[in-house]
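These are my notebook entries on a structure that I had not examined before. I set down what I looked up, topic by topic.

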Amino acid sequence: MDFDLSLEQAQLKDGVERLIAANYPSLETRQKLAREPLGFSERGWAQFAEMGLLGIPFSEAEGGFGGGPVETLVVMEALGKGLALEPYLASVVLGGGALRLAGSAEQKRRLIPAVVEGSLRLALAQTEKQARYDLNDIAMTARKVEGGYLLDGAKSVVLNGDSAALIVVSARTAGARRDAQGISLFLVPADAPGLRITGYATQDGGRAAEIGLSGVRVADADLLGEEGKGLPVLQRLSEYAIAALAAEAVGAMAALHALTVDYLKTRTQFGMPIGNFQVLQHRAVDMLIALEQARSMAFYAAMMVEHPEAQERAAALSAAKVQVNRSCRLVGQEAVQLHGGIGMTMEYIGAHYFKRLTMIESLFGDTPHHLRRVAAADGLMA
Amino acid sequence: MDLRFTPEELAFRDEVRRFFRNEIPAEIRRKVSEGRGLTREDYVTSQRIMNAKGWAVPHWPREWGGQDWTAIQRYIFTEEMLLAAVPLPQQFNCYMVGPVIAAFGSQAQKERHLARIANLDDWWCQGFSEPGAGSDLASLKTKAVREGEHYIVDGQKTWTTLGQHADWIFCLVRTDPAAKKQAGISFLLIDMKTPGITLRPIITLEGRHEVNEVFFDKVRVPAENLVGEENKGWDYAKFLLANERTGIARIGLSKERMARIRRLAQEMPAGEGTMWADRDFRERFAGVEIELKALEITQMRVVAAQARDPGRPDPASSILKIKGSQLQQATTELLLEVAGPFALAAPERGAEPTNDWPFDYEWADAAATSYFNNRKVSIYGGSNEIQKNIIAKAVLGL
Ligand SMILES: Cc1cc2nc3c(=O)[nH]c(=O)nc-3n(C[C@H](O)[C@H](O)[C@H](O)COP(=O)(O)OP(=O)(O)OC[C@H]3O[C@@H](n4cnc5c(N)ncnc54)[C@H](O)[C@@H]3O)c2cc1C
Ligand SMILES: Cc1cc2nc3c(=O)[nH]c(=O)nc-3n(C[C@H](O)[C@H](O)[C@H](O)COP(=O)(O)OP(=O)(O)OC[C@H]3O[C@@H](n4cnc5c(N)ncnc54)[C@H](O)[C@@H]3O)c2cc1C
C-alpha cells in the first residue's frame, strides 16, 4: 500500500501548482481571464503545452508522455486549488480521451500531436436536453450517405464548446433514442457548414455552449471508432471525467477549507476570534472529515479508472462521485455559512470555490444518479 | 384544539387570495416565483396597489394606515401574499422603520414619514451592520457627535440591502463612546442625499447588485432626525427585530416554490418519463413537504399564542427563523436537482428575457442563482448560530 507520489509526480505537482499560482495571482485576474473571448488565457494554455501537461494521458507512441490516472489527478487537483479556467477536462480528458480510446491510427497520428502542442483544442458534445445524465439517451441522428454521414440534432451544455476547433459528437447511426446499440462518435470541425455554436458563461466562471447541427456533413474518415459501438467509449469517458472532477473537487475543497479555518482564526466578534466558539470549531472539523473522505475517494477513482472489469469499475467511479458530491455540498455550504456576509459576495474567492463545487456536483451525474447506479450494481462489496 | 380556520377567516383568506392574484401584475409575480431580481419599479408598483387598498401596512397602528386584524388574519394575509408570489411590501419601510417611527418617533416624524413609507414614496434601507459589527452588532463604531442642531456622522455601514434605491437610511450610531456597548447607541434617520454619503456596490455571489457599503464622511444630520431618546437606540432596534414575527419562516414562499418544483419536475424528461415519475425524487420532495407542514403548524401555534397574548415576546420566533431558513434552502436544493446538468448555464441576460436565449430550460439558470442566493437566509437577520445561542439561553437556560 502506498499513497505517496513518486518523485516525478511530486515534481509535476510542484510545477503545475507554481504555474497556476503565477497565472492566477488574484481573484481579479481570474475574473478578467474568464471574460476573455475563449473564457481563459491563450497564453496559459500554451504554457500548459510547454510544461507537457496536454500530453499527459497519451502514450509516448501516440506523441504524449505516457502519464496515467495519478498524473491526471495531480494536474486536476492543482487546477481545483487554483480555480483555474483552462479547459483541461474538456480538451485533454474528454476530447483527448475519445481519440485515445477510439481513434484509428491515422486519426491519432493526425490529431494527437496538435492536441499535445496546444494548437488543437477539443470538446465532447454529448448531453441532450432530454437526456439528463443518461449516456445512452441520444436523439441526434447520423444518416449514412455516399462517402460520409449527415448529422442532425442538438447538444446542450457542451463544456468549452465555444473554444474547440474540433468537436467529438455522439449521434445515432441506428436504434431508438435510448438504445445502447447504434451510437457512433464523429469528429466535427467547429466551422463545419450547418453547425451552430452558441457559447455562454457558466455559473462557475467557465464556458459552455449549445450546439445545433442541421445537415452537417462529415466524411467516413471522421467516424471515431466503430459505427454503432460508441456507448462503451462514452462510458469510459464519463469515468475518466469523474476521476478528474474528483481530483479537482479535492483541490478546491482543500483550498476552501483552509480559507475558512484561516477566517475563523482572524475574524473577531464579541471580543474574540470566532474560532473560539466551539460550535464553529466542530463545523470546521466536519468539513475536514468530508474533505478527507472525498480525497480518499479521489484516490480510489484514480486507482479504479483503468480497472479491467467494467462493472466493478463503473460502480467504483459512481461511488466516488457520490462521496465527492456530498463532500462538495457540505464543504461549500458550510464555508459560506462560517464566513457570514463576506462568504456571499463575488468579491470573495471563497464564494467562487463554492460555486465551482456546486457545479462539479451536477457534472457527469448528480448524487441521486450515481447512488442509483451503485445500488443497481448490488453495492460495492461483491 | 382545532386546526381549522373559522368561516370568517376562510372568507378573509379567499378575499386576499383573489386580490393578490387579480390585482398584482402577473409579470411581477412571475419574477418572484422564478427567483429573478425585481426592479425598483416592480416593488413600487406592487406596493402602491396594496397601499391603495389599505393593505401595505396592515400591522401598523390604525391611525397610520393599519388594519384591526387579528394575529390570525395577519398570518393568513402574509401567507397568501407569499403563496401568490407577491413581493412583500418593502420590508425595511413596512416592517422595520415604519413601526419604529410609529411607536417611538416624534409627531413631526410620523407626519413627515409614515404615509410616504407606506406608499413607497421614499425607499428606506437599513444601516445596522458594519464591517466589524455583524453578529456582534452592539460593537458598532459609526459615530454621531452632536454639534448644535446637528449630529455629525462618521463611519461605515455594510451589507446595506438595495441601498442603491434608497432615499433614506435608518442607522444605529454611537452617540456615547464612554458608555458600555448597547448603552451608547442611538437610532438616526438620514437622508441619503446629504453630502458626505457615498455608496459602493457589493455584488452577491449569484451576480446581482443586492447589497452595498455605505460610507459617512462628516455627514450633517439635523438633530430632529433622532428617533426617541439619545442612547436608547438599542431598545428600538430590539423592538424592530422582534416586530414582525408572522411570516418570518417564509412558509408560503417555500410552498409556492415547492409547487413550482413539482410542475418543473413533471415536465423535466428523465429516463423513459419525467423526473416526477422517479420515486426517489418524489420521496425527497415529500421529505421537504413534511417538514414544511410541521413548521406550518408550529407557526400557527405561535400565531395562536400571539392572538391570545399579543404583548409577550416569544423565543419560538427563533425556531421559526432557523427551520424556515433551512427549508427555504432545502427547496432550492430540490430546484437545483431538477435543473440537473442544465443549471450550469449562466448566459448573460438583462432584466428582461431576450429572444436569442439559446437554452431550452430558460428557468434553469435561476435555479442555480436561487440556490446560491438563498445561502443568505441562514446568515442575515441574526445567523442561525446566533438564533441557536438565543434559544439555548432564553429557552433552555444554558
Ligand atoms: C459502553 C461503554 C463502555 C465503556 N467502557 C469503558 C472502559 O472500559 N473503561 C473506562 O475507563 N471507561 C469506559 N467507558 C467510559 C467512557 O470513556 C466515558 O463514558 C466517556 O469518557 C465519557 O464520559 P462520561 O460518560 O462521564 O460523559 P461526560 O464526560 O459527562 O460527557 C457528557 C456529554 O458531554 C459532552 N462533553 C463533555 N465535555 C465536553 C467538552 N469539553 N466539549 C464538548 N462536549 C463535551 C460529551 O461528549 C457527552 O456528550 C465506557 C463507556 C461506555 C458508554
Ligand atoms: C445578503 C445579505 C443582506 C443583508 N442585508 C443587511 C441590511 O440590509 N442591513 C444590515 O444592517 N445588515 C444586513 N446584512 C448583514 C447581516 O445581518 C450580517 O451578515 C449578519 O448579522 C452576520 O454578520 P457577519 O456577516 O459580520 O458575520 P459574522 O458575525 O462575522 O459571523 C461569521 C460566522 O460566525 C458565526 N458566529 C458569530 N458569532 C457567533 C457566536 N457567538 N456563536 C456561534 N457562532 C457565531 C456566525 O453565525 C457566522 O457563521 C445582510 C447580510 C447579507 C448576507
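The entries below begin with conventions and then take up domains, a cavity, a residue, a helix and cysteines.

**Conventions.** I worked with a predicted model, in which local features need pLDDT of at least 70 and side-chain atom pairs count only at pLDDT 80 or more, while totals for chains, interfaces and linings use all residues. Residues are numbered from 1 along each chain as its sequence is written, chains are lettered from A and ligands numbered from 1 in the order in which they are written, and side-chain values use heavy atoms, with hydrogens and water left out.

**Domains.** I looked up the division of chain A and found domain 1 (7–120), domain 2 (123–226) and domain 3 (232–376); such bounds come from an automatic or database domain assignment. In chain A, 20 residues of domain 1 and 27 residues of domain 3 take part in the contact between these two domains, where contact means heavy atoms within 4.5 Å. I noted 22 Å between the C-alpha centres of domain 1 and domain 3 of chain A.

Between them, 16 residues of domain 1 of chain B meet 23 residues of domain 3 of chain B.

**The largest cavity.** I searched for cavities, a cavity being a set of points, on a 1 Å grid over the protein atoms alone, where a 1.4 Å probe fits but cannot get out. The structure has four of 30 Å³ or more, and the largest holds about 290 Å³; a volume is the space filled by probe spheres set on the points, which are joined across faces, edges and corners.

Which residues lie nearest the centre of the largest cavity? I found A:Ala84, A:Leu85, A:Glu86, A:Asn160 and A:Arg356, out of 21 lining residues; a lining residue has an atom within 4 Å of a point. The lining comprises twelve nonpolar, three polar and six charged residues. Here Ala, Val, Leu, Ile, Met, Phe, Trp, Tyr, Cys and Pro count as nonpolar, Asp, Glu, Lys and Arg as charged, and the others, Gly among them, as polar. Helix H4 (69–81) and helix H5 (88–102) of chain A each contribute at least two lining residues. H5(A) gives the largest share, three residues.

**A:Glu248.** I located A:Glu248 in helix H7 (residues 231–266) of chain A; helices are DSSP runs (H or I, at least four residues) and strands likewise (E, at least two), numbered from the N terminus. A:Glu248 is buried at 7% relative accessible area, buried meaning under 20% with a 1.4 Å probe and protein chains only. Leaving out residues up to four places away in sequence, A:Glu248 touches A:Met76, A:Glu77, A:Gly80, A:Arg356 and A:Ile360. A:Arg356 is 108 residues away along the chain, yet the two C-alpha atoms are 9.7 Å apart.

**Helix H11 of chain B.** Why is helix H11 (residues 364–373) of chain B largely enclosed by the rest of the structure? Ten of its ten residues are buried. The cover over them includes helix H9 (310–339) and helix H10 (349–362) of chain A, as well as helix H2 (26–34), strand S7 (209–222) and helix H10 (316–339) of chain B.

**Cysteines.** My search over all chains returned zero disulfides, a disulfide being a pair of cysteine sulfur atoms within 2.5 Å. The sulfur of B:Cys94 has its closest cysteine sulfur in B:Cys125, 14 Å away and therefore too far for a bond. For B:Cys171 the closest cysteine sulfur is also in B:Cys125, at 7.3 Å, again too far for a bond. B:Cys94 is buried at 0% relative accessibility, and B:Cys171 is buried at 1%.

Methods. Buried means under 20% relative accessible area, exposed over 50%, partly exposed in between (1.4 Å probe, protein chains only). On a 1 Å grid over the protein atoms alone, a cavity is a set of points where a 1.4 Å probe fits but cannot get out, and a pocket is an open set with protein on both sides within 12 Å along at least five of seven lines; lining residues have an atom within 4 Å of a point.
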